[in-house]
Amino acid sequence: MAEYKTNPEQLAKNREYKRKNREKLKIQTYRSHGLLYIREHATLEDLKEFKKIIEDKEKELLSD
């Protein structure tokens, strides 16, 4: 199996990006996990609950 080596400069840049964009990366992770759950594991009851939460959030955002 091939062993991949990443340039130390690139590793440092990756760490810096992660440090500067911690909140953005956290939100991307939450979104990804939520979509995976809905697509792969959600039951009908789960979907109904999510639908209610989404409707409430939409009303909240539209009223601002």
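**Exercise 1.** Is K24 buried, partly exposed or exposed, and what is its relative accessible area?

*Solution.* The model is a predicted one, in which local features need pLDDT of at least 70, side-chain atom pairs count only at pLDDT 80 or more, and totals for chains, interfaces and linings use all residues. Residues are numbered from 1 along each chain as its sequence is written, and side-chain values use heavy atoms, with hydrogens and water left out.

Step 1: K24 belongs to helix 2; helices are DSSP runs of H or I with at least four residues, numbered from the N terminus.
Step 2: its relative accessible area is 45%.
Step 3: with a 1.4 Å probe and protein chains only, buried means under 20%, exposed over 50%, and partly exposed in between. K24 is therefore partly exposed.
Step 4: between the C-alpha atoms of K24 and E9, which are 15 residues apart along the chain, the separation is 23 Å.

**Exercise 2.** Describe how helix 1 and helix 2 pack, and list the residues that meet.

*Solution.* Two packed helices are described by the angle between their axes and the distance between the axes.

Step 1: The axes are lines fitted to C-alpha atoms over the stretch in contact, and angles run from 0 to 180 degrees between N-to-C directions.
Step 2: helix 1 and helix 2 are therefore roughly perpendicular (65 to 115 degrees; under 35 is roughly parallel, over 145 roughly antiparallel, the rest oblique).
Step 3: from helix 1, Y17, K18, R19 and K20 meet R22, K24 and L25 of helix 2, where contact means heavy atoms within 4.5 Å.
Step 4: by class, the residues of this contact are 2 nonpolar, no polar and 5 charged (Ala, Val, Leu, Ile, Met, Phe, Trp, Tyr, Cys and Pro count as nonpolar, Asp, Glu, Lys and Arg as charged, the others, Gly among them, as polar).

**Exercise 3.** Find the aromatic pair and classify its geometry.

*Solution.* 

Step 1: the structure holds 1 aromatic pair. Rings of Phe, Tyr and Trp (its six-membered ring) pair if their centres lie within 6.5 Å; planes under 30 degrees apart count as stacked, over 60 as edge-to-face and the rest as tilted.
Step 2: Y37 and F50 are 6.1 Å apart centre to centre, with 85° between the planes, which makes the pair edge-to-face.
Step 3: Y37 is in helix 2 and F50 in helix 3 (residues 44-63), so the pair ties together parts 13 residues apart in sequence.
Step 4: Y37 is partly exposed at 32%, and F50 is partly exposed at 28%.

Terms used. Helices (H or I, at least four residues) and strands (E, at least two) are DSSP runs, numbered from the N terminus.
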